[in-house]
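Please find below a short note on the structure under review.

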Amino acid sequence: MAGAAALLTAGALHLPARAEDKSSPDAQNAILPAEALKRLKEGNARYTANEPNERDFSATRAARAEAQFPVAAIVSCSDSRVVPDLVFDQSPGDLFVVRLAGNIVDNDAYASLEYAVKFLGAPLILVLGHSNCGAVAAAIKVVMERAELPGHLPGLIKAIEPAVIAAHGRHPSDMLAAVIEENVLHGMKEMRKDSSIIAEAFEAKTIDIAGGVYDIATGKVRLLS
Ligand SMILES: [Zn+2]
């Protein structure tokens, strides 16, 4: 693993290592986690108001070809209605996005997040659930009604089951909304147990881990915690 890590350092693949970021105060992600979260909140407010920033994509293309300095890593559902870069009104190079249905995090997703934190210097991980999530609805059917799903779907749904059980114990009036929220909180908590890289960065306050639920109808992200 040490060899693999060495391959990912700046020299081998021209990737910025964490230490290099710190010595580059001009990097857009050399900011505190709270500042990164504020940037996302402000972006979502623009998106909700339908007043996104004007962008000249070609103007910054050359700089982006050299390196990336994402201000946040986003864990989102694959749902076609949830587009983090638009939801937070950010530009190419701003968000490192990991998307799987149900905003679950499997081993490869963890590897992506670890890369974003350790090698790209992202100061924030945000787990983003969303209203009316089909993957979460399916997980509820599997747990509550013993529904059976084909193909690889059972494996994905299994990752959401703890959230179904936790929400069910609270007897919510809106089960789907409760599980969607619980699934975000579960994801935030699990990544501190399952990834030593994320846990260490979190303990060192190098990164923060936030969670939110995106309302498809209004465009608004409600932050949890
Ligand atoms: Zn979804």
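What does the accessible surface of the protein chain come to, and what percentage belongs to carbon and sulfur atoms?

1. The model is a predicted one. Its protein chain has an accessible surface of about 12000 Å², and 56% of this belongs to carbon and sulfur atoms.

2. Twelve helices and five strands make up the secondary structure elements of the protein chain. The chain has 225 residues, of which 41% count as buried. Among contacts with a separation of 6 or more, 69% are between residues 24 or more positions apart.

3. The zinc ion is coordinated by the SG atoms of C77 and C133 and by NE2 of H130, at 2.0 to 2.3 Å. The donor residues follow the spacing C-x52-H-x2-C in sequence. H130 has a relative accessible area of 0%, under the 20% cut-off, and is therefore buried. C133, at 1% relative accessibility, counts as buried because the value falls under that cut-off too.

4. The count of aromatic pairs comes to three. In one of them, the ring centres of Y47 and Y214 are 6.4 Å apart and the planes stand at 45 degrees, so this pair is classed as tilted. Y47 belongs to helix α4 (residues 33–48) and Y214 to strand β4 (residues 208–214), so the pair ties together parts that are 167 residues apart in sequence. Y47 is partly exposed at 28% relative accessibility, whereas Y214 is buried at 2%.

5. One aromatic cluster is also to be noted: F96, Y115 and F119 form it.

Methods:
Residues numbered from 1 in each chain as written. Predicted model: local features only at pLDDT ≥ 70, side-chain atom pairs only at ≥ 80, totals over all residues. Heavy atoms only, no water. Donors = N, O, S within 2.8 Å, 3.2 Å for Na, K, Ca; no water. Buried < 20%, exposed > 50% of the residue type's maximum accessible area, 1.4 Å probe, protein only. Helix = DSSP H or I, 4+ residues; strand = E, 2+ residues; numbered from the N terminus. Contact = heavy atoms within 4.5 Å. Areas by Shrake-Rupley, 256 points an atom, 1.4 Å probe, with all protein chains shown as cover. Phe/Tyr/Trp six-rings, centres within 6.5 Å; stacked < 30°, edge-to-face > 60°.
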